[in-house]
Amino acid sequence: MPTLWLDEIGADDLARVGGKAASLGELTGAGLPVPSAFVVTADTYRSFIEATGIDEPLFEAVDVDSDDSQALAEAAERAQELILETDTPPSVREDLLAAYDEMGDEDVAVRSSATAEDLPDASFAGQQDTYLNVSRADLLQRVKECWASLFTQRAIYYRNENDFAHDAVDIAVVVQQMVDAEKSGVMFTSHPSTGGPTAIIEAAWGLGEAVVSGAVSPDNYIVDRETGTIDEVTVADKKVMCVRGEDGETIERSVPEEKRNERVLSDEEIHRLIEVGERIEDHYDSPQDVEWAIYEDEVYLLQSRPITTIDESDADGEAATDVESQPEGASGVADGGSMESQSEPVRLSGIGSAPGRVTGVVRIVDKLDNLDKVEDGDIIVAEMTTPDMVPAMKRANGIITDEGGMTSHAAIVSRELGVPAVVGAEDATQKLRDGETVTLDGDKGTVEKGAKVPETTGEEEDAGPVEAHSPVKPMTGTEVKVNVSIPEAAERAAATGADGVGLLRIEHMILSTDKTPSRYVEDHGERAYVDEIVEGVRSVAEAFYPRPVRVRTLDAPSDEFRQLQGGEDEPSEHNPMLGYRGIRRSLDRPGEFKLELRAFERLYDLGYDNVELMLPLVTDAEDILRAKALMQEVGIDPEKRDWGVMIETPASALSIEDICETGIDFVSFGTNDLTQYTLALDRNNGNVASRFDELHPAVLELMRQVIGTCREYDVATSICGQAASKPRMVDFLVDEGVTSISPNIDAVRDVQHEVKRVEQRLLLESVR
Ligand code: PEP
Ligand code: MG
């Protein structure tokens, strides 16, 4: 059967119709208001490629070395051409057109619904096309375009990299009545954190794409389902809306002035949505995350998924933190303490750099040690962590280091992995014994002897999504992004609901090869070096697609390179922080820098148009113009791509006007460096750490001037230094009109709330 109607489909038909269609079928079967649709099944696609004999040439065409960009581009072109230029068998054609006519001979939406169950959706994000406003004459072509979208460069590359066979992935296509929504949004049928009977609705004007993609801040309605009371109504300033364009594409448009601050949903509409939400929840017997639309006064359901963020212990009314709510059966207490030993004195203290309280067995490691001795659930104790320790850090329950501050390797990586950590504990490697049990508190920065929380092996529960305890994303006008330094943290960072990545540091990717860039190129060749960067960035760009990912070119001081193979050729510098790093090094080594730039070019070719390029540690416009010339040399068109610079030196802040003239799209404050250089305080020097203050009036004054000038030039402003996680810095920046804030992964939700609070205050002040 080439096509199936939604009422012939249920949740069990995933393999035949893909996830999207199976869910719509299930809702239709339950009598819920889903716009009518039929599905061109995965079997139809399969029999199309088999019956026409294009299957073999198709899979042969995509059997290429996907690191060879030329070959990959040709493969994608050939595969898509095969599908698009092969006629659909007459029987399929007739069946499709008959189904179309039966639906009412009106323009339809054509959407792909991939069926590879074991592939995360992200593997196809933005790849499988959706066409709106499709007429009868275009139907067959659009269906084939959906099929062909299985073979974009990005999709082929993804499957090759992840060892998924190309012929194991099929695709179904949903052909659905258009709902030209006047208003639309999402609804959590129950509270997404506690599972309690509180529904949360977000609503905006026009098609739902604007809400789902985060392009607009929607209204927010909170409803107590037990009493039916609408507890909270937050009306947002809705600047944009998505509408149906003439050519069938979804287009973004400004909301007419008078509707921008108008409330989207009436009380009556809210109650109707709640009623439908309750029916869905009853049907599935679990809280749901629903996409809905209202068209000609009718409520329609576009999608429903179970809410996965409910914290079971919260649902039972027991507040518990991530690490303290370990499952039963976690391994017992080892030597050195017991659950009752509450009065043990604190043994060590340092800087709590990644939150959480955990118990585990101490494993003292240094760089030369065999990291295999770190088992699941152990506590790593080291002078400082290095990039080659990351796999062991992932297994660990906690991390303690002698050295380092909030911006050290151990602090950054542990936060991103969600592993509690205490850094700068001075003599932890001397005072702690290998094999003893300790409890560390990554909030307070303390290490106690003995077990204060049940140990776990790490296998029972990983850090999980960061949003688990407060999963409702507050809608803010100022974007809240997230910093990422290790590709392994990409999924976790994306799950925060951040508006993109404000800083992706690539030095961790390079340092983790244990070779300096020049040694790496010497040993493995230029292409391998480019591939190393492409692969690291790609996984983050994929996890966030289409949200923007700001990737910074290399910025590691020479002392970090000196520890690597090939490090003997690096300069030995008296003060590496004031030395050969960031754009200075890159401009001095244009050959190496161009390899990084080629990695960007390759990512753009692969379809990652969400990648943005950011230059670190610039002094003035001249640095930027020289880098821009090199970008152009490798074929990057600065007019076409979003690119910008870090503001980390007082010189760059004071030259901001000239810098804006270079054609940049954004600047981002690196307050770790801006503070170090403004206050003349080495950020790695413990003797002056207490004077290190990103909120110093001198630092803030430079930032204020930069934001003011950038606003005049329409250049976006951001912060990605550690201070982005500080509420007072957030208050200051939102007040000044910063465009985005990019904190660490664990601070995203708090910063979103802080930003919302300040924005609301500003709004209130403006109307008083
Ligand atoms: C900064 O300087 O604030 C910054 C984000 O860059 P890094 O910490 O990598 O120097
Ligand atoms: Mg910096």
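Start at ligand 1 and select R581: an N or O atom in its side chain is 3.4 Å from an oxygen atom of ligand 1. That pair is a polar contact, here two N or O atoms within 3.5 Å; within protein, one must be able to donate a hydrogen and the other to accept it, and residues adjacent in sequence count only if both atoms are side-chain atoms. The model is predicted, so local features need pLDDT of at least 70 and side-chain atom pairs pLDDT 80 or more, while totals for chains, interfaces and linings use all residues. Residues are numbered from 1 along each chain as its sequence is written, chains are lettered from A and ligands numbered from 1 in the order in which they are written, and side-chain values use heavy atoms, with hydrogens and water left out.

Next, select R505, which places a polar side-chain atom 2.8 Å from an oxygen atom of ligand 1. At N672 a polar backbone atom lies 2.7 Å from an oxygen atom of ligand 1. Of the 290 Å² of accessible area that ligand 1 has on its own, the protein covers 96% (Shrake-Rupley method, 1.4 Å probe).

Now show the whole shell: 13 residues surround ligand 1, and the closest are R505, R552, G670, N672 and R683. A residue belongs here if one of its heavy atoms lies within 4 Å of the ligand. Colour by class to find three nonpolar, four polar and six charged residues; Asp, Glu, Lys and Arg count as charged, Ala, Val, Leu, Ile, Met, Phe, Trp, Tyr, Cys and Pro as nonpolar, and the others, Gly among them, as polar. β24 (501-505) and α25 (671-679) each supply at least two shell residues, and α25 gives the largest share, three. Helices (H or I, at least four residues) and strands (E, at least two) are DSSP runs numbered from the N terminus.

Stay with α25 and select the magnesium ion, ligand 2. Its protein donors, E648 (OE) and D673 (OD), lie 2.0 Å from it; donors are N, O and S atoms within 2.8 Å of the metal (3.2 Å for Na, K and Ca), and water is not among the atoms, so sites may look incomplete. E648 sits in the loop between β27 (643-647) and α23 (650-654), and D673, 25 residues away, in helix α25. E648 is buried at 2% relative accessibility, as is D673 at 2% (buried is under 20%, exposed over 50%, partly exposed in between; 1.4 Å probe, protein chains only).

Last, go to L72 in helix α4 (residues 69-84). Its relative accessible area is 0%. Beyond residues up to four places away in sequence, L72 touches V64, S66, Q153, I156, Y157 and L606 (heavy atoms within 4.5 Å).
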